[in-house]
Amino acid sequence: MSYPHPSAGHNPQLSEDQGPLLTHTITGASDVISQAIDRDFQRRYGRSSHPPQWSAQTESQDLQTRYNPLQSSDRTHLARKHSSKHQLFHLLEKVVVRLIWSILLSAAMIGCFKYFEKVKVLNDLEKNVFNVLSTMIYLTMGLNLASAFKGMATMLRWKLLARKPHNLKEIDLILGISSLIKVGRLGFNALGFGKPFVFISCLLWILLNCVARVSVAFTGLTYSYDSANATGTELGVVLVSEKSRFWPLGRFQEEPPETGAEFQTAHFFGEYSAMMADNMADNPHDQQMLRYDKSTKSWVYEFREWNPKHPAYMAVTNRTIKVTATCNAYDIVKGQNGLEPNIIYYNSTDGENWVISEVSVRGPGATVWANPRADINPEPQWTCALGNRCAIVAGFQFIDTERKEEVNGTLFQCAVLVGEVENARVPEHEIDDRVAFIAAGAIGLNGFSDDPQDWLYQRYFRGTRFGQRFDGDPDQMAMLVSRFSVGVIATMDMDNPKIEAVGMKPWVGVLFKVDWALLLTILGSICGIQLVLGLTAVFVSNTVIVKDDSYLSTARLLRPLVERLGPSGCALTGKEIATTLRTTMVYGVRVDKSRSRHHLDIGEDIIPGQKFPNGWYDGDVEGMVPYTDEPTPEEEKRRLLARIEEEEDLLHLA
């Protein structure tokens with residue numbers, strides 16, 4: 001088979017009938033090109049303008065840089081052997097390298113998120129470090145993904161050029177499809193020529209690129225900063241409450257407060273603590289300031305620390321204090337209505353009746369807590385044997401005559417012990433015995449007394465927190481009175497003036513949370529789509545020779561095309577060259593008569609859709625024709641002869 005080739009260097013033999021027809025066709029095409037060039041020039045520079053007229057000598061020698069070709073012996077070393085299998089591995093290597101980068105960056109993102117999730121609460125510095133690292137990973141992953149899609153487009157463009165004929169404008173756009181702008185122009189150009197399928201394909205490619213790049217940004221939706229209860233601590237100077245006294249005004253005064261003022265303040269602290277959340281009610285765990293330990297039957301409070309620069313920043317420490325109480329219950333024999341000055345109760349321990357005279361506070365149906373003031377009235381039965389941090393209080397629960405209750409009144413004798421501060425590291429963390437003793441008996445302080453040396457009383461009516469009635473149950477009363485004392489300590493820690501000490505300084509940050517299912521889904525989709533598209537691009541493109549992304553290599557291929565301009569047109573744009581040379585071309589292969597020497601070319605007579613053969617590729621020589629995978633007559637003849645010989649051999653053997 002013989003194909004005419006209008007490029008320089010080709011002079012195929014034409015029959016007598018073909019010669020005049022081809023000459024007429026070329027002449028007609030040249031007239032059309034000349035008219036198009038003239039119209040374009042006048043459009044740019046005006047109808048009255050004329051192009052410069054160069055002399056033939058100047059045009060042939062001065063306007064074109066010319067070099068002598070390489071020697072024949074050197075050119076033989078420019079041949080390259082093409083193997084589709086070798087090219088396949090080379091293209092796969094490019095895809096795999098970019099995929100490995102995506103996997104590594106995904107692993108880096110997972111590691112970054114995992115590390116900061118373990119930190120949990122991030123301060124400003126840690127938050128800024130995370131933002132910097134995550135942004136670096138986002139940008140790098142986006143660039144790698146863009147590079148991967150660019151590499152796929154660079155492979156596919158050669159397959160597109162070899163698939164069917166294209167005009168020069170389409171060829172120029174296809175060679176630049178690594179740019180999404182060029183893809184968009186190619187799509188609109190195809191739409192103008194009535195090629196909706198090409199337009200839709202270009203649009204889908206642009207959308208796929210956009211989705212792939214935006215998907216990297218979607219990973220930002222997989223984590224969140226939660227500022228609710230997001231606090232952390234660090235070693236430093238903190239504010240702690242001053243615990244040597246009960247300060248009535250919540251600040252330091254020039255003179256220490258009087259004893260009566262401290263009694264009043266301690267009792268107020270206890271009553272105020274009734275509003276504090278504890279674990280005996282249905283309160284959320286993070287709101288419980290007081291906790292009752294059933295195993296030790298004691299109330300526990302965890303001390304707080306504050307940030308000196310930001311007093312609103314508070315942190316719970318590991319320093320705790322326990323308050324424990326035990327009670328004995330005795331029946332009131334006389335005065336159980338709360339209206340008589342003397343109370344007689346039956347002491348079941350020794351089997352005798354005891355008298356408490358001149359009870360100053362009366363309260364029918366109420367609960368009266370009394371502090372016997374063991375500090376100034378050291379009566380044996382009202383003095384605690386557990387040490388200086390313990391106080392004994394008396395609780396009278398009188399009957400209500402109007403309710404006609406058929407039960408007796410009850411006297412509770414309770415010993416309340418305030419323990420030492422656990423995990424205290426500096427003196428500022430301690431609570432001395434005097435303050436502990438006041439807190440232990442605070443439920444009965446600040447009441448009325450006829451004589452400062454007498455007992456102090458406090459009355460609590462039915463329905464109040466510390467006026468509850470438990471029908472003579474000493475354990476319930478012990479838990480109630482110790483709840484009051486631990487509330488005194490807790491309120492003192494919150495309300496007393498603050499001093500500086502070494503501790504764990506609290507700060508408020510953000511709680512870092514990660515939606516791992518969404519993150520892994522997004523990263524897995526990115527890597528999976530990149531793998532599928534990469535493999536598709538490789539196997540589709542491997543049917544042709546995929547030239548590297550080099551301007552020099554591409555220029556060598558396009559040399560025959562632009563040689564038609566001669567030495568002119570060095571300042572033309574690609575669009576102007578495409579307008580000037582109105583033709584369609586195909587990327588393909590030429591072969592010599594022996595079909596052993598191949599040449600890459602882009603020409604008008606190349607047969608589209610052919611699979612590029614393996615073998616040696618070298619320069620263009622005389623007599624080369626466009627390659628086709630259909631056998632030539634000579635090959636058909638050789639195949640037929642070989643088949644005949646094979647059949648004869650089989651008959652001979654038979």
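1. The axes of helices α9 and α11 come within 7 Å and cross at roughly 100 degrees, and the two helices are therefore roughly perpendicular to each other. On the α9 side the contact is made by Ala 266, His 267, Phe 269, Gly 270, Glu 271 and Tyr 272, while α11 contributes Phe 484, Gly 487, Val 488, Thr 491, Met 492 and Asp 495. Sorted by class, the residues of this contact of α9 with α11 comprise 6 nonpolar, 4 polar and 2 charged ones. As with everything that follows, this description refers to a predicted model.

2. The protein chain contains 15 helices and 20 strands, and 41% of its 654 residues count as buried.

3. Helix α7, which covers residues 180–192, and helix α8, which covers residues 196–218, have axes that come within 7 Å and cross at roughly 155 degrees. An angle over 145 degrees counts as roughly antiparallel, and α7 and α8 are therefore roughly antiparallel to each other. The crossing of α7 and α8 is left-handed.

4. The residues that form the contact between these two helices can be listed for each side. In α7 they are Leu 180, Val 183, Gly 184, Leu 186, Gly 187, Phe 188, Ala 190 and Leu 191, and in α8 they are Val 198, Phe 199, Cys 202, Trp 205, Ile 206, Asn 209 and Arg 213. The contact of α7 with α8 divides into 11 nonpolar residues, 3 polar residues and 1 charged residue.

5. Turning to the strands, there is an open sheet of 3 strands in the order β2-β16-β4, and its pairing is antiparallel. The edge strands are β2, at residues 121–122, and β4, at residues 223–226, each of which pairs on one side only. Helix α4, spanning residues 84–119, packs on this sheet and touches β2, β4 and β16, with a direction that makes about 135 degrees with that of β16. Helix α5, spanning residues 124–163, also lies across β2, β4 and β16, and runs at about 165 degrees to β4.

6. Within that sheet, β2 is joined by 2 bridges to strand β16, residues 510–514, and these two strands run antiparallel. The bridge partner of Leu 122 in β16 is Val 510. Lys 120 is found in the loop between α4 and β2; although Lys 120 is not a glycine, its phi is positive, at about 70 degrees. Lys 120 counts as exposed because its relative accessibility is 52%, and the cut-off for that class is over 50%.

7. Strands β6 and β7 pair in the antiparallel sense over 4 bridges, and Leu 290 stands opposite Tyr 301 in β7. The hairpin of β6 and β7 has 4 residues between the strands, and in this hairpin Lys 297 takes a positive phi near 50 degrees. Strand β7 also pairs with strand β8, residues 314–334, again in the antiparallel sense, over 8 bridges; the bridge partner of Glu 305 in β8 is Ala 315.

8. Two loop residues deserve a separate remark. Asp 471 is found in the loop between β14, residues 456–460, and α11, residues 474–495, and its phi is near 55 degrees, a positive value in a residue other than glycine. With 78% relative accessibility, Asp 471 counts as exposed. Asn 283 lies in the loop between α9, residues 259–272, and β6, residues 290–293, and is partly exposed, with a relative accessible area of 25%. If residues up to four places away in sequence are not counted, Asn 283 touches Ala 277, Asp 278 and Gln 288.

How values were computed: Residues numbered from 1 in each chain as written. Predicted model: local features only at pLDDT ≥ 70, side-chain atom pairs only at ≥ 80, totals over all residues. Heavy atoms only, no water. Pairing = 2+ DSSP bridges. Contact = heavy atoms within 4.5 Å. Axes fitted to C-alpha atoms, helices over the stretch in contact; angles between N-to-C directions. Parallel < 35°, antiparallel > 145°, perpendicular 65-115°, else oblique. Left-handed = near helix turned anticlockwise from the far one by under 90°. Nonpolar A, V, L, I, M, F, W, Y, C, P; charged D, E, K, R; others polar. Buried < 20%, exposed > 50% of the residue type's maximum accessible area, 1.4 Å probe, protein only.
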